[in-house]
Amino acid sequence: LDLKGSRLKNASLAEVANYLSPDVQDILLDLQGCRSITDTGIKRFMDNLIDNCDRSKLSTVSCLLMGTKVAEHSQQACEILDLEEIAQVRSELELQERKNQIKRLMKNVDQGKTAIASFKRLLQSNVEVALHGVLGEQGFIDASHVEWGIHSKEMAIAFDQTFLKVLLDVGATIEFMKRPEAPPYSVLWPQEGPDRDAESRSYKVHHRHEAFMDLLAEKLKEVQPSGRRAVAALLLEARTGDLIRAALPSASSKLAFIYAAREGSRECVSSLLLTSGGLLTQVDDASWDDEDLALCSLKDAREAPRGSAL
């Protein structure tokens, strides 16, 4: 396949693999000088080549990648591959793709560009991301990976309505704090809908103590039919100035489970058990601040709810 110097895009390269006969034994793919081809394109070509057809007759694949945007070490690795080596290269290319997503987000944030699009792509590649900050103001994304040699340096991003909608779209569990280092007083978590897909997902909110219940808890059911942008707007209305924390991809929060059990919500406890895929056990042993004790009309910490949900 002589595609040298062409303007071939990643998506088109991936499609090429689908047209190769299952009888082919050796493939020479010349992409030298194809400036649009990246690690992602080569990975998708390999994926389609192996996954979409019986390749038992395939002996070798050789990719000439000088002059492309494929990482140099990947260029060398793809010069000649057998089936076993293809599996290894696919894994390495997937890792490189994730690195590139993090670097792109870091670059956009550093240059003050809109980072939402690159943040979405990062989440789609299943990179583990942690975030924390002040709702309605500025927050920080941490996508550091020691084994990858990548350090995000806590990328700053606005925790506005657009950003919150992205978190809701991907099913984030969000914990709320009133003060730095304080335990979460409330948690918003996703509940799978009847179709168990992203579109039918809704959200529930529970609190460490019923005294923390607020506008968000009252209005959440009302606004959800209007969509996640409306839920994000409600979050900003009710909780602007609160500290929030989340990790992606996230399972249902164990704190939500504890708070739901304390409030006696059988429906929510049942759904959390189903979503988690197993019994959840966690002790809420964080201390209560004097400020929170006073807010909840508790005389001292001995009266404050704590301990496992079960």
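In what follows, the axis of a helix is a line fitted to its C-alpha atoms over the stretch in contact, and angles run from 0 to 180 degrees between N-to-C directions. With that in mind, the axes of helix H4 (residues 83-110) and helix H5 (residues 116-124) come within 9 Å and cross at roughly 160°. The model described here is a predicted one, and the secondary structure of its chain comes to 11 helices and nine strands. Of the 310 residues in the chain, 45% are buried, and among contacts between residues at least 6 apart in sequence, 63% join residues that are at least 24 apart.

**The sheet**

- Seven strands form an open sheet with antiparallel pairing, and their order across the sheet is S5-S4-S3-S9-S6-S7-S8.
- The edges of this sheet are strand S5 (155-158) and strand S8 (202-207), each of which pairs on one side only.
- On average, and with direction ignored, neighbouring strands of the sheet are turned by 20° against each other.
- Within the sheet, strand S6 (residues 174-177) and strand S9 (residues 243-248) run antiparallel and are joined by four bridges; for Glu175, the bridge partner in S9 is Arg245.

**Helices lying across the strands**

- Helix H7 (residues 215-223) lies across strand S7 (186-191) and S8, and runs at about 160° to S8.
- Helix H9 (residues 254-262) lies across S6, S7 and S8, and its direction is at about 100° to S7.

**Helices H4 and H5**

- Angles over 145 degrees count as roughly antiparallel, and H4 and H5 are therefore roughly antiparallel to each other.
- The handedness of the crossing of H4 and H5 is left-handed.
- On the H4 side of the contact are Arg98, Gln101, Ile102, Arg104, Leu105 and Asn108, which meet Ser118, Phe119, Arg121 and Leu122 in H5.
- Sorted by class, the residues in the contact of H4 with H5 are four nonpolar, three polar and three charged.

**Helices H1 and H2**

- Helix H1 (residues 10-17) packs with helix H2 (residues 39-51) at an angle of about 20°, and their axes are 7 Å apart.
- That angle makes H1 roughly parallel to H2, and the crossing of the two helices, H1 and H2, is right-handed.
- From H1, the residues Asn10, Leu13, Ala14, Glu15, Val16 and Ala17 meet Thr40, Gly41, Ile42, Arg44, Phe45, Asn48 and Leu49 in H2.
- In the contact of H1 with H2, seven residues are nonpolar, four are polar and two are charged.

**Residues with positive phi**

- Glu181, found in the loop between S6 and S7, has a phi near 70°, which is a positive value in a residue other than glycine.
- With a relative accessible area of 80%, Glu181 is exposed.
- Ser297, which lies in the segment after helix H11 (290-295), likewise has a positive phi, near 55°, in a residue other than glycine.
- Ser297 counts as exposed, at 65% relative accessibility.

Definitions and conventions:
Residues are numbered from 1 along each chain as its sequence is written. This is a predicted model: local features need pLDDT of at least 70, side-chain atom pairs count only at pLDDT 80 or more; totals for chains, interfaces and linings use all residues. Side-chain values use heavy atoms; hydrogens and water are left out. Two strands pair if DSSP finds at least two bridges between them. Contact means heavy atoms within 4.5 Å. Angles under 35 degrees count as roughly parallel, over 145 as roughly antiparallel, 65 to 115 as roughly perpendicular and the rest as oblique. A crossing is left-handed if the near helix is turned anticlockwise from the far one by less than a right angle, and right-handed if clockwise. Ala, Val, Leu, Ile, Met, Phe, Trp, Tyr, Cys and Pro count as nonpolar, Asp, Glu, Lys and Arg as charged, and the others, Gly among them, as polar. Buried means under 20% relative accessible area, exposed over 50%, partly exposed in between (1.4 Å probe, protein chains only).
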